[in-house]
Amino acid sequence: MELNFVSVEGNSKNYKIAAGVLAGLFLLGLICYGISYYKGHYLFGSSNVIPWGMPIVLTIYFIGLSAGSLILSTLVYVFGQEKYKPIGRMAVLLAIALIFGALIGIAIDLGRPENFWRLFMFFYLNNMTSMFAINGILYSGYFIISIAYLGIILSGNKLWMKRWGCLAIGWAAMVHMGTGAIFGFMEAREAWFTPIKPLEFLTAAVTSGVALLIVVLVLTMKFTGRDLRKDMVTSLSRLLTVFICVLTLLIFLDKITHLYAPERAAVMYSLTGQYAWVFWVLQIGLVVVLPLAILFNKKLKTIKWIFIAALSVVVGVFFERFFLVIPQAAFPQQYYPGHIEGVYGAVGRFTFTPVEMLISLGIFTMVGLLFLLGLKFLKALPEKTAEEVAAAAAKAAPPKIEEAVKADASAGTADAPPADNKPAQ
Amino acid sequence: MSRWGMVIDLDKCTGCQECTIACKEENNIPHGSPDEQIKRQDPYWHKVIAASEGEYPTAKTELVPMPCMHCDNPPCAMVCPCKATFKRHDGIVTQNFRRCIGCKYCMVACPYGARAYNYKEQEDLPYNRMDPPLRRDLIGFWPFPHRAHGMVEKCTFCFHRIEKAIMEGKEIGTEVVPACVEACPAHARVFGDLDDPESEVAKLLSNRTSIVLREGMGTRPKVHYLTK
């Protein structure tokens, strides 16, 4: 099946509104970041007990989504699963937008962001025993590899697509395992310390990657008036089911190892303490229970329900990251046997400050904006078929002026010659 | 080569927090409001914790002053991506502020909570001590007279005092000690060279039962505690 890709025109009212809102929120986030840089991190909710806050939650969330969607795009370009081809380019584009958001998240969490360059002086000014320095190589390499990968896909060189795809899939897996190692190797933080963490991160990444692809696929196809092929969504949902099961197993193993060992206070706290609902309701409920209940139900095999399941996974994995970074770090360390009195033995408090929330929103909107711009300037979407054009025309049949203009515009996109059309400016 | 270490007698400690205050004064550590202290955004290089065990009739409380442990195997230096935290040749774990990027990874890795982040811009107060004018060619990058927000700080065993004493030929451990040792009214703290068998710390460690905190972490701290 020969498939041509086009870019969206980006002249419709909806596109402009979406881009405008995202840009506005991004600017707001930028202003808040300026304030936090000038005033210091006391504007954030983090403290000496919970050192990392929302930017790091977003960073590992985005890295997971990015690695997951890049790994999935290689299904098309390396493993030759032609049925996923319509979403291959979009997945790579999404991966690039997300990894950029993740890098920005790291930079925002740094207290001295003007020293950011010191993270990239590999083997010279860097201490290479640090997981951060090792991840610096992985992240920057990943950024470059995924951009080159998109370039190769757009150029259409089949051989290099395959070769570079192999590199990209391996690198993406390493990127996310490295991110897991940042947390899993910290013996001082009892609840984090587990060798399973890298694998758990990788599985969570792929799970959220599939789920995000379903969500983006359904949304983009709907808003650009394209026909969604149901078999593609159902086969993706089958993949999603498998990954959710593996992820559940890994989470279970992680917790049971900690609970079985005598030093279980921190994990007991995270499972039964005051933030336990984040784990049970938002993580397990949204990532495991709700999606599996939908996906295993034969009656609910419609696009709408699969979309709901995927959305629930995407949101739930965010709370998995949140639970890892904030409530699991809150438990006080046992410096001395016995119960430590006062502030040094108290569970850490995390407040959601407006500045931090707006910055987080700014990172989110920046990723969305990058994706929208990517859709406009790169040929990432599959071309409309003749039936879709006809359907769009039929829809616009009652001749209202605006709708007719819109239909014209979208029909114009589809009619454009596929191989060498220039994106409309 | 000397290997600086500290011995704290838990039997003598009264928990008066003089060490904490002396450390704040000596190193010009920013002060914070009570609210910031409850939120744990107030930087401390030294803390005194109270660990209690048991129920009312048989309850007992142990006061444990905790400076940085200056581990022989420091996890913070292991994870610092920019070589900002490092172990010196004499075993003191210290950091170069110019290199710190404020990633807070060392705070995550430290099993003793010895590291504190500078959450806001502080008033640039002069150091509260009678120092000669700074000569960077002699003393290197420390003391850092101006600290910026967004960096992680920690106890340095007052190594500016040690280096000055070495230059002036004074004896360390008796004539010159870190600020917390000097301030302790109960003489619960002793500072000296762990490798020198004639030093007071070595004698105390060989004569009395001593422990280190969280030994299972394998960090090999150089701050030892004499038990009651």
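Mentor: Start with the hairpin of S2(B) and S3(B), which has six residues between the strands. In that hairpin, Gly54(B) takes a positive phi near 90°. Keep in mind that this is a predicted model: local features need pLDDT of at least 70, side-chain atom pairs count only at pLDDT 80 or more, and totals for chains, interfaces and linings use all residues. Residues are numbered from 1 along each chain as its sequence is written, while chains are lettered from A and ligands numbered from 1 in the order in which they are written.

Now the strands themselves. Strands (E, at least two residues) and helices (H or I, at least four) are DSSP runs, numbered from the N terminus. S2(B) covers residues 47-53, and S3(B) covers residues 60-66. They run antiparallel, joined by seven bridges. Two strands pair if DSSP finds at least two bridges between them. Within this pair, Ala51(B) stands opposite Glu62(B).

His339(A) stands opposite Ser52(B). Two bridges join S2(A) to S2(B), and these strands run antiparallel.

Step back to the interface. In total, 42 residues of chain A are in contact with 46 residues of chain B. Contact means that C-beta atoms, placed from the backbone, lie within 7 Å. On the side of chain A that touches chain B, helix H4 (131-155) and strand S2 (339-340) each supply at least two residues. H4(A) gives the most, with four residues. By class, that side of chain A has 19 nonpolar, 16 polar and seven charged residues. Here Ala, Val, Leu, Ile, Met, Phe, Trp, Tyr, Cys and Pro count as nonpolar, Asp, Glu, Lys and Arg as charged, and the others, Gly among them, as polar.

Chain B holds another open sheet, of four strands with mixed pairing, in the order S8-S1-S10-S9. Its edge strands are S8(B) (189-193) and S9(B) (210-211); each pairs on one side only. S1(B), residues 4-9, pairs with S8(B) in the antiparallel sense over five bridges. There, Trp4(B) stands opposite Asp193(B). Helix H8 (residues 200-207) of chain B packs on this sheet, touching S1(B), S8(B), S9(B) and S10(B) (223-226).

Finish with chain A as a whole. Its secondary structure comes to 13 helices and three strands. Of its 425 residues, 48% count as buried, that is, with 20 or more other C-beta atoms within 10 Å of their own. The largest nonpolar core has 187 residues. Such a core is a set of buried Ala, Val, Leu, Ile, Met, Phe, Trp, Tyr and Cys residues joined through C-beta atoms within 7 Å. Helix H2 (residues 54-77) of chain A gives the largest share of this core, 16 residues. Leu213(A) is among the residues with the most contacts inside the core. Leaving out residues up to four places away in sequence, Leu213(A) touches Ser69(A), Leu72(A), Ile87(A), Ala91(A) and Leu236(A).

How values were computed
Contact = placed C-beta atoms within 7 Å. Axes fitted to C-alpha atoms, helices over the stretch in contact; angles between N-to-C directions. Buried ≥ 20, exposed ≤ 12 C-beta atoms within 10 Å, placed from the backbone.
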